[in-house]
Amino acid sequence: MATTHRTRDAAAAKAAILRAAEALFAERGFAATSIRDVAEASGTSKALIHHHFGSKDELYLAVKRAVIERHAEVQRPQLERGTDPLEFVAGGIRTLFELYRSDPSLVRLGAWAQLDGTGAEWPGDEELWGAIVDRMREAQEAGVIRADIDATLLITMGFAMVHHWCQFRAWRKHVLEYFPEQDEEALDDRYLEAVLAVFIRGITPAGQSEENDPAARAGRREA
């Protein structure tokens with residue numbers, strides 16, 4: 001029984017450390033965040049953080065790994081249920097957009113990683129990215145998605161359209177000036193639908209008939 005309690009306490013402490021570290025890294029970046037800061041924010045100690053994670057570098061990687069796991073968790077249903085390829089792409093873009101909108105710290109964490117020069121180090125990212133690329137290539141081979149552009153570049157473009165909008169919030173507020181009748185959330189929705197309409201139509205092979213074109217279906221927002 002005592003061992004069980006210790007295990008639970010250790011797991012709870014580790015989770016608290018990860019939550020605090022993610023919030024601080026997203027707010028201040030890696031360089032401006034110390035182990036002492038994380039210890040104070042998590043209600044633990046420097047010694048306990050070193051025990052669980054070893055160093056600040058390893059803690060940073062653990063935070064990034066947790067972020068990728070959240071990405072994978074929300075994308076996994078799209079990868080596993082064998083949806084129509086265009087609906088898979090639209091669902092992936094929509095899911096990523098909603099993930100960023102619901103948790104802006106993820107966008108800030110990514111921005112800081114670029115500034116810190118550690119943007120390429122995201123444990124688990126290659127596996128998730130590879131699974132998405134494989135689905136895109138299968139769709140290209142089946143003739144559902146245009147094959148004249150590399151699948152990796154197509155995914156990168158879709159990701160960039162979402163990431164740019166969510167990252168540059170100050171610029172987005174400027175765009176609001178042109179839509180005085182809409183609040184920020186409504187403009188988010190409008191932008192997402194525009195991205196889906198343009199991107200899905202753009203990756204659909206030329207000559208596909210309008211009545212058989214699933215791009216329009218994939219581009220519609222789910223009720």
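The model is predicted, and the mean pLDDT of the protein chain is 83, with 87% of its residues at 70 or more. Of its 223 residues, 39% count as buried.

**Confidence along the chain**

- Among the elements of the protein chain, helix α2 (residues 35-42) has the highest mean pLDDT, at 96, whereas helix α11 (residues 215-219) has the lowest, at 50.
- Over residues 1-6 the pLDDT is below 50, and this stretch makes zero contacts in the model beyond near neighbours in sequence.
- Over residues 219-223 the pLDDT is likewise below 50, but here the model shows twelve contacts beyond near neighbours in sequence.
- Where pLDDT is low, the predicted coordinates should not be read in detail.

- Among contacts between residues at least 6 apart in sequence, 64% join residues at least 24 apart in the protein chain.
- The protein chain exposes about 12,400 Å², and carbon and sulfur atoms supply 54% of that area.

- The buried residues of α2 are Ile35, Val38, Ala39 and Ser42, and because they cover an arc of only 100° around the axis, they lie on the same side of α2.
- An α-helix has 3.6 residues a turn, so residues three or four places apart point the same way.
- The face of α2 turned away from the buried side carries the exposed residues Glu40 and Ala41.
- Just after α2, Gly43 takes a positive phi of about 70°.

- Ala20, found in helix α1 (residues 2-28), counts as buried because its relative accessibility of 10% is under the 20% cut-off.
- Leaving aside neighbours within four places in sequence, Ala20 is in contact with Val38, Ala41 and Ser42; the C-alpha atoms of Ala20 and Ala41 are separated by 5.8 Å, although these residues are 21 apart along the chain.
- Ile17, also found in helix α1, is buried with a relative accessible area of 0%, and, not counting residues up to four places away in sequence, Ile17 touches Val38, Ser42, Thr44, Ile49, His52, Phe53 and Leu59.
- Between Ile17 and Ser45, which are 28 residues apart in sequence, the C-alpha to C-alpha distance is 9.4 Å.
- Leu18 has its place in helix α1 as well, and, with residues up to four places away in sequence not counted, Leu18 touches Phe53, Leu59, Ala62 and Val63.
- Leu18 and Phe53 stand 35 residues apart in sequence and 9.7 Å apart in space, C-alpha to C-alpha.

- Lys64 is found in helix α4 (residues 56-80) and is buried, because its relative accessible area of 1% is under the 20% cut-off.
- Apart from residues up to four places away in sequence, Lys64 touches Ala113, Thr118, Glu121, Trp122 and Pro123, and Lys64 lies over the face of Trp122, at 5.0 Å from the ring centre.
- His71, whose place is also in helix α4, is buried with a relative accessible area of 11%.
- Leaving aside neighbours within four places in sequence, His71 is in contact with Leu96, Leu99, Tyr100, Leu106 and Leu128; the C-alpha atoms of His71 and Leu99 are 7.9 Å apart, with 28 residues of separation in sequence.

**Aromatic rings**

- A pair of aromatic rings is described by the distance of the centres and the angle of the planes.
- With ring centres required to lie within 6.5 Å, the count comes to four aromatic pairs.
- Ring pairs link Phe25, Phe30 and Tyr60 into a cluster, and Lys56 lies over the face of Phe30, one of these rings, at 4.2 Å from the ring centre.

Notes: Residues numbered from 1 in each chain as written. Predicted model: local features only at pLDDT ≥ 70, side-chain atom pairs only at ≥ 80, totals over all residues. Heavy atoms only, no water. Phe/Tyr/Trp six-rings, centres within 6.5 Å; stacked < 30°, edge-to-face > 60°. Lys NZ or Arg CZ within 6 Å of the ring centre and 35° of its normal. pLDDT = per-residue confidence, 0-100. Helix = DSSP H or I, 4+ residues; strand = E, 2+ residues; numbered from the N terminus. Contact = heavy atoms within 4.5 Å. Buried < 20%, exposed > 50% of the residue type's maximum accessible area, 1.4 Å probe, protein only. Areas by Shrake-Rupley, 256 points an atom, 1.4 Å probe, with all protein chains shown as cover. Arc of directions from axis to C-beta.
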